[in-house]
Amino acid sequence: MKKRKIRRTMGVFFTTFLLLQIILLFLYKAFIVDIAKKNEENLVENTLQIYHNTMEGVLERLDDNLDLLLGYRLLLTQLNGENNLEKVKAQYKMLQILKERCKDTKEADAYAVVNCKDNSILIQRNGNITYDTIKDIKKYLQKRNTFDKTPTSGWTSTVMGAQVYLVKYYNYGANTIAVLISEKRLDSLLNYNDMSIKEAAFYLTDKKGEILCASGKDWAYGEEIENLQKQDPSISIYQGSVLEDAYQMYYSVKSSEYAAYSTSGIVIFGFLVLSLLFFGTIVWYMQKEIFRPIADLFWVSRKIHSGDFRARAEYNTNSYEMEEVKQAYNDMVQTILEMRVQKYEQELRMKDVQLKYIHMQLKPHYFLNALSTINSMVYQHEEENVHTFIQAFSQNIRYMFRTGLHTVPLQDEIKNAEGYLEMQRLMYRDCFYVYMDVPEELQQYPVPQMILHTFLENIFKHVISIDSFTTVLIQALWSFSGKEVYLKLELYISQGQFSQEILDFVNKDMEITEKKDGSGIGIKNVKEVLKMMYEQDHLLYLENLEPEGTKITIWIPKTLKCTDEEKDEER
């Protein structure tokens, strides 16, 4: 059958339809009534009331939580005390309390306790608050501590980093207890996307009418709301209040967007029916010759995006143009498939070489350390300890021989780490203490094998000695960034410091010079393995604590990108 061009047919359809709509538009203007404006006002009033109730409810819940935190007066007093042990215990308990508050009220971005006496901060936060913002929060709250027990006058706003925050805090001696809500959190709470009126915008201001946050595009923090109407006289602004007029809510709409048809216009109704019938004919034709082929192309694209490169467009059409599009699309998919296979094979070869190099560096280093330990115990005639050490070492070797570019449950990694620590206790006796805090729900979370072993081995090599006592805290917790779910592993070591070169390499992706003694190779390999397996940068972060100690943070995504098994299947 001969393929027909749709340009001429669609041109006739749309020209006729346009003429009908022009006639309808002139008739429509004669029957505009004020009911459109009344509907607009009712809708805006209802929307403002919903937003008002939402804001009031959120801020009241956060007020209650802040009062609850202030009720832990014994812990707050211990945070100011001179007894370091009590202070550490109080800090740990307070962190758990802050964690519970964050879990209980997800409307808050952070709960924080700043101690101006020892210049410390305890904070539980979500992904809207970055590490750099924590410093700004600390400085902000320290400046507002008056060393008394009086609360603030209420909620206040401030800019920290690139965001606007609503903040409320209490001063209790040297401690300042605060709760923070970011501009992003307010956006999600008020859910601007549900606004029913087109070209409408929502604004939250202080008493003076200075804008704190908004859903509109053309605004600046601190700008007066009155300036908006001066700049665009066509908009109408409606006002509401929050917290007994402490904050004001404004809703702006373009009045010209709303109108209603008059039901008394018989002529208009007739033309409307004719227009709809004619438009229905156009839609039927477009559905058959355009929309269905486009829908088929769309679903084929979805399949290709999900990895099925065998999918091809197979629709039937009488349109010459759409038939040409189908052929060109299928040719393009075939070309992309061939190029993708070539590139993937090249990357696969490169990663195989890198992985073999990493394994070659990791394993001999560990065996040499173990043999050195056995030799030392034999020399000291500790036969029983040698027997115990070799048993633990053999179990550790069995676990290690499974190593590769794959994951294991977190509980298996913890069990292997405990076996390794048992080996070290035979040599270092009572020179160290390791505490692991792993919630039950994270026991089965998949993690790269040997991830903890590498860091524990470095700690015993570079930090722990028989002349001092070292404490190691390993903590596992959930972490979220957008839609991505992470396991966050934190290792706190009470002694030692990372060199600036290691910090710059891990945190800033700067080059590192390999040293003859092999120092830093373990951390370098961990960073490369994480990048290969999850195809993400910056999953490892190192920092030095003051006045002594270090902190290691590892983020392990839920979604694995690359494993040994997947490579074998591809090959």
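User: How many contacts beyond four places in sequence does the model have for residues 567–571?

Analyst: Nine, and pLDDT stays under 50 over that stretch. pLDDT is the predictor's confidence in each residue, from 0 to 100, and contact means heavy atoms within 4.5 Å. This is a predicted model, where local features need pLDDT of at least 70, side-chain atom pairs count only at 80 or more, and totals for chains, interfaces and linings use all residues. Residues are numbered from 1 along each chain as its sequence is written, and side-chain values use heavy atoms, leaving out hydrogens and water.

User: What is the average pLDDT of the protein?

Analyst: The average is 77, and 77% of the residues score at least 70. Residues 256–265 stay under 50, with 19 contacts beyond four places in sequence.

User: How do I read two packed helices, and at what angle do H10 and H11 pack?

Analyst: Two packed helices are described by the angle between their axes and the distance between the axes. Here H10 (residues 383–400) and H11 (residues 410–428) pack at about 155°, with axes 9 Å apart. Helices are DSSP runs (H or I, at least four residues), numbered from the N terminus. Axes are lines fitted to C-alpha atoms over the stretch in contact, and angles run from 0 to 180 degrees between N-to-C directions. H10 and H11 are therefore roughly antiparallel (angles over 145 degrees count as that).

User: Which residues make the contact?

Analyst: Among them are Phe-389 and Phe-393 of H10, and Tyr-420 and Met-423 of H11.

User: And what comes just after H13?

Analyst: Asp-509, which takes a positive phi of about 60°.

Definitions and conventions
Angles under 35 degrees count as roughly parallel, over 145 as roughly antiparallel, 65 to 115 as roughly perpendicular and the rest as oblique.
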